Amino acid sequence: MKSILIGICAAFFFAFTFVLNASMELSGGSWIWSASLRFIFMVPFLLCIVIMRKNLRPLLNEMRKQPGKWMLWSFVGFGLFYAPLCFASAYSPGWLIAGTWQITIISGALLTPLFFETIHTKNGPLQIRGKIPFRGLIMSLIILLGIVLMQMDHAKQFSLENLLLGVVPILVASFAYPLGNRKMMDVCEGRLDAYQRVLGMTLASLPFWFLLSLYGLFTVGLPSGGQSLQSLLVALFSGVIATILFFMATDIVRGNMQKLAAVEATQSMEVLFALAGELLFLSIPLPSPLSWLGIVIVILGMILHSYVSNRRVEKYFLNSQ
């Protein structure tokens, strides 16, 4: 129960991203600053955590070995993930982006053949190319159905162009995020913990965020004080607190696949938290019954997908014992 509560708390803090991005967009702030300031502000927080854990030197040593790969996959995993997500906030409410973002679970599954996994045989460890988990993917179609229902309702109110500008960037982000993170995990080969890897990727993606900031400076001018403050809150709440809480929750249930599935499924609560935040602070209209149906289906799909995926992993471990 403790891990579930911590997982729900993580989803609560993750939801601040969607609410505050929508708030910045409504107050006229540019997505360029919403995106770049978050990662620039995350650096001192993450730096403090890694230094307190006395893990900074090993991280810097790892980054010196393969700086090109760090910069490339950090750009993909963070740059091509968060900049499109912020761009989409100009065309969709936060709760809809949070709901559509759950498609990343499908995108991540489709990327599986790009990676190798280690299996243990009588002749020792063997590297085999990953296979698309079709059973989990069928559960993922439930998520897709929920997203389609939400977007269908949204499409009634906006043009096709606005709909595409709100959806396509999220699709790009949904592939970029798992691709960049998994590639970095391959590069690190387990030598770094999650805090080190997130700090390393944030540092390695800074050139992109500085270039984007420079572009913003010449096109939209400096960000307002309000936007800077809200970006700082996103960095703190979502980039630091939510990430730490999620790692804590998964660490507690590590080794128990069913409980791990339950913790992962709590992240679908982001949709409800984002919606509650926008209703409370931004006074958006209530979603229609069709959108509510879509939200419920997305959450249900997340729960089923996590359960089926982890059940398969648990079965593998039991059979190998």
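Predicted model: local features only at pLDDT ≥ 70, side-chain atom pairs only at ≥ 80, totals over all residues.
User: How do helix α4 and helix α8 pack, in terms of angle and axis distance?

Analyst: Helix α4, which covers residues 67-88, packs with helix α8, residues 160-188, at an angle of about 155°, and their axes are 7 Å apart.

User: Is that roughly parallel or roughly antiparallel?

Analyst: At that angle α4 is roughly antiparallel to α8, because angles over 145 degrees count as roughly antiparallel. As for handedness, α4 passes α8 in a left-handed crossing.

User: What residues, by class, make up the contact of α4 with α8?

Analyst: The contact of α4 with α8 has 21 nonpolar residues, together with 5 polar and 2 charged ones.

User: Switching topic, where is serine 205, and what does it touch?

Analyst: Serine 205 is found in helix α9, which spans residues 194-219. Leaving aside residues up to four places away in sequence, serine 205 touches Ser74 and Phe78.

User: And is serine 205 buried or exposed?

Analyst: Serine 205 counts as buried, because its relative accessibility is 1% and the cut-off for buried is under 20%.

User: Now the aromatics, how many pairs are there in the whole structure?

Analyst: A search of the whole structure finds 17 aromatic pairs. One of them joins phenylalanine 39 and tyrosine 82, whose ring centres are 5.5 Å apart and whose planes are at 70°, so this pair is edge-to-face.

User: Which parts does the pair of phenylalanine 39 and tyrosine 82 tie together?

Analyst: Phenylalanine 39 lies in helix α2, residues 31-52, and tyrosine 82 in helix α4, so their pair ties together parts that are 43 residues apart in sequence. Phenylalanine 39 counts as buried at 2% relative accessibility, and tyrosine 82 counts as buried at 0%.

User: What about phenylalanine 87 and tyrosine 91, how are their rings arranged?

Analyst: Phenylalanine 87 and tyrosine 91 form a tilted aromatic pair, with 5.5 Å from centre to centre and 45° between the planes. Phenylalanine 87 counts as partly exposed at 24% relative accessibility, and tyrosine 91 is partly exposed with a relative accessible area of 24%.

User: Last one, which residues form the aromatic cluster?

Analyst: One aromatic cluster is formed by Phe39, Phe75, Phe78, Phe81, Tyr82, Trp101, Tyr177, Phe208 and Trp209. Among them, Phe78 is a residue that serine 205 touches, while Phe39 and Tyr82 make up the edge-to-face pair discussed above.

How values were computed: Residues numbered from 1 in each chain as written. Heavy atoms only, no water. Axes fitted to C-alpha atoms, helices over the stretch in contact; angles between N-to-C directions. Helix = DSSP H or I, 4+ residues; strand = E, 2+ residues; numbered from the N terminus. Parallel < 35°, antiparallel > 145°, perpendicular 65-115°, else oblique. Left-handed = near helix turned anticlockwise from the far one by under 90°. Nonpolar A, V, L, I, M, F, W, Y, C, P; charged D, E, K, R; others polar. Buried < 20%, exposed > 50% of the residue type's maximum accessible area, 1.4 Å probe, protein only. Contact = heavy atoms within 4.5 Å. Phe/Tyr/Trp six-rings, centres within 6.5 Å; stacked < 30°, edge-to-face > 60°.
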